[in-house]
There are 2 protein chains.
Amino acid sequence: MIRNQTINKQVKHRTIRAFKDRNLTDEELETIKQVAAHTSTSMFTQQCSILHITSEEKRSTIRQITNQSYVGANGDLFIFIADLYRNQQIRHQMGKDDGRLHKTDVFMQAVQDTVLSVQNVVNAVESMDLGAVILGSINNDPFKLLQELNLPLMTYPILGLQVGVPDQEPQMKPRLPSEFTFFENTYERKVKVKNLHDYDRIVRTYYDLREANRRIDSFTNQIASAKLDLRETKRDQLLKAIRSQSLCLE
Amino acid sequence: MIRNQTINKQVKHRTIRAFKDRNLTDEELETIKQVAAHTSTSMFTQQCSILHITSEEKRSTIRQITNQSYVGANGDLFIFIADLYRNQQIRHQMGKDDGRLHKTDVFMQAVQDTVLSVQNVVNAVESMDLGAVILGSINNDPFKLLQELNLPLMTYPILGLQVGVPDQEPQMKPRLPSEFTFFENTYERKVKVKNLHDYDRIVRTYYDLREANRRIDSFTNQIASAKLDLRETKRDQLLKAIRSQSLCLE
């Protein structure tokens, strides 16, 4: 494998969930803005915006939504938004209708712009010896989040990102060997749980700092359990919430 | 702004669309696999797979779908797939039903895993002085793509990526200044086209190598034109195609 500064960080990626009590410096913040701005964008439509959440009240509400104590605590909190509002406003002011902006196609382009931007920022953050945790958990209560962020129609908050100076040294979490995820030309349909037993064994040696330093269950047991079981959850409101923003209508 | 090897590449990011006539080395390919494997994953569900397209026939069909001559030409072509099939198979073999796998919530998690992986690979590629172009254009004909890739239900191809040794030196494409995209606490609803005129002027100085070295139109003119106008296009089949894969049903 090839090694350089960037790749060394990437193959040692670990999510950081405990941060020291200091905020990003102006220079670090400016770096994050510049990196986000230079991320690839689908068809040059530039359909991502970022909210930097510094208000203690908003941080607290978002922490409640995510149900994760580290969210909006030490460090800096960002919300990455799929943003078709800006282009809608430009079109209106130039005498045009909404055009394709309500299509799933264009919404997915905006989602892609947004998620590309998240990962680009994560790589920049880690290159500065800072740490980050990507927060899908902002979607735990879609309508409450929309209300709290007071976003206009044609925008949707996709992911949060908490960034700061690491205050923990988690183990690397073992990932599926690429024989299960990387294929040449043809997707391999023969998934056999028994072929995952070696990987399961490796996963069981991983200590999760989130859970008082406990070992976690095997990968296949996790997939076959509560995480993906049917249950009552506000996360089921996601499509309804996206459409309430006038996005992904057809 | 802070500078290091990673960030220097990120703030000089340029999409490469012309590649020299050589494929990735085994070592470069292995590096890409390892970086993809270590990308963040929502709730540790690991719902991304990658197809490396080396078959000339498949490359040719995908080139036709994208209508871009450089796709599947020099360099290496990858298709990044949101993959809920693997976890479905694991659940079935362990005596469980599909659980939440048909929900929009879980589909969006898989899309996020997939797009994070694309950007992580792009950063690795650029760190090796290789170049890349992200291919949203694989979605130009969703059902044809699904047929060509012969993917099982519960998978969806999200983005392509063509990677190789750069054979061009494009200009950097000027991005929206962060005052239009980066906000503190509150989303700025007052978008004024006239405030974008300085940026529009900068955009008009950019030469697009894709179009025989021609200058491109201003940003606001592009947004108010064909790119986002209503028109007949197979891209409108996207949601239908995703649902035909039994994903994002509710």
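Predicted model: local features only at pLDDT ≥ 70, side-chain atom pairs only at ≥ 80, totals over all residues.
Contact, in what follows, means heavy atoms within 4.5 Å.

Begin by showing chain A and chain B in separate colours. Two copies of a chain are related by a rotation about an axis and a shift along it. Here a rotation of 180° with 0.0 Å of shift along its axis brings chain B onto chain A, with an RMSD of 0.0 Å. That is the relation of a two-fold axis. If you then select the interface residues of chain B, 100% of them are also interface residues in chain A, so the copies meet through the same surface.

**The annotated domain of chain A**

Next, select residues 12-163 of chain A, the span to which an unreviewed UniProt entry gives the annotation "domain: Nitroreductase".

**Helices α3 and α6 of chain A**

Two packed helices are described by the angle between their axes and the distance between the axes. Select residues 56-66 of chain A, which form helix α3, together with residues 142-149, which form helix α6; the two pack at an angle of about 175°, and their axes are 10 Å apart. Because an angle over 145 degrees counts as roughly antiparallel, α3(A) and α6(A) are described as roughly antiparallel to each other.

Which residues of α3(A) and α6(A) meet? Show side chains for A:E57, A:K58, A:T61, A:I62, A:Q64 and A:I65 on α3(A), and you will find them meeting A:K144, A:L145, A:E148 and A:L149 on α6(A). By class, the residues of this contact between α3(A) and α6(A) comprise four nonpolar, two polar and four charged.

**Helices α2 and α5 of chain A**

Now move to helix α2 (residues 26-37) and helix α5 (residues 104-127) of chain A, whose axes come within 9 Å and cross at roughly 140°. That angle makes α2(A) oblique to α5(A), and the crossing of α2(A) past α5(A) is right-handed. On the α2(A) side, select A:I32, A:V35 and A:A36, which meet A:S117, A:N120, A:V121, A:A124 and A:V125 of α5(A). The contact of α2(A) with α5(A) holds six nonpolar and two polar residues, with no charged ones.

**The corresponding selection in chain B**

In chain B, select helix α2 (residues 26-37) and helix α5 (residues 104-127), where the axes come within 9 Å and cross at roughly 140°. Here α2(B) passes α5(B) in a right-handed crossing.

**The annotated coiled-coil region**

Finally, select residues 209-236 of chain A, which the unreviewed UniProt entry annotates as "coiled-coil region". In the model this span is 18% helix and 7% strand, and its end C-alpha atoms lie 28 Å apart.

Definitions and conventions:
Residues numbered from 1 in each chain as written. Chains lettered and ligands numbered in written order. Heavy atoms only, no water. UniProt positions renumbered as here; feature names shortened; annotations may be inferred. Helix = DSSP H or I, 4+ residues; strand = E, 2+ residues; numbered from the N terminus. Axes fitted to C-alpha atoms, helices over the stretch in contact; angles between N-to-C directions. Parallel < 35°, antiparallel > 145°, perpendicular 65-115°, else oblique. Left-handed = near helix turned anticlockwise from the far one by under 90°. Nonpolar A, V, L, I, M, F, W, Y, C, P; charged D, E, K, R; others polar. Least-squares fit on C-alpha atoms with pLDDT ≥ 70 in both.
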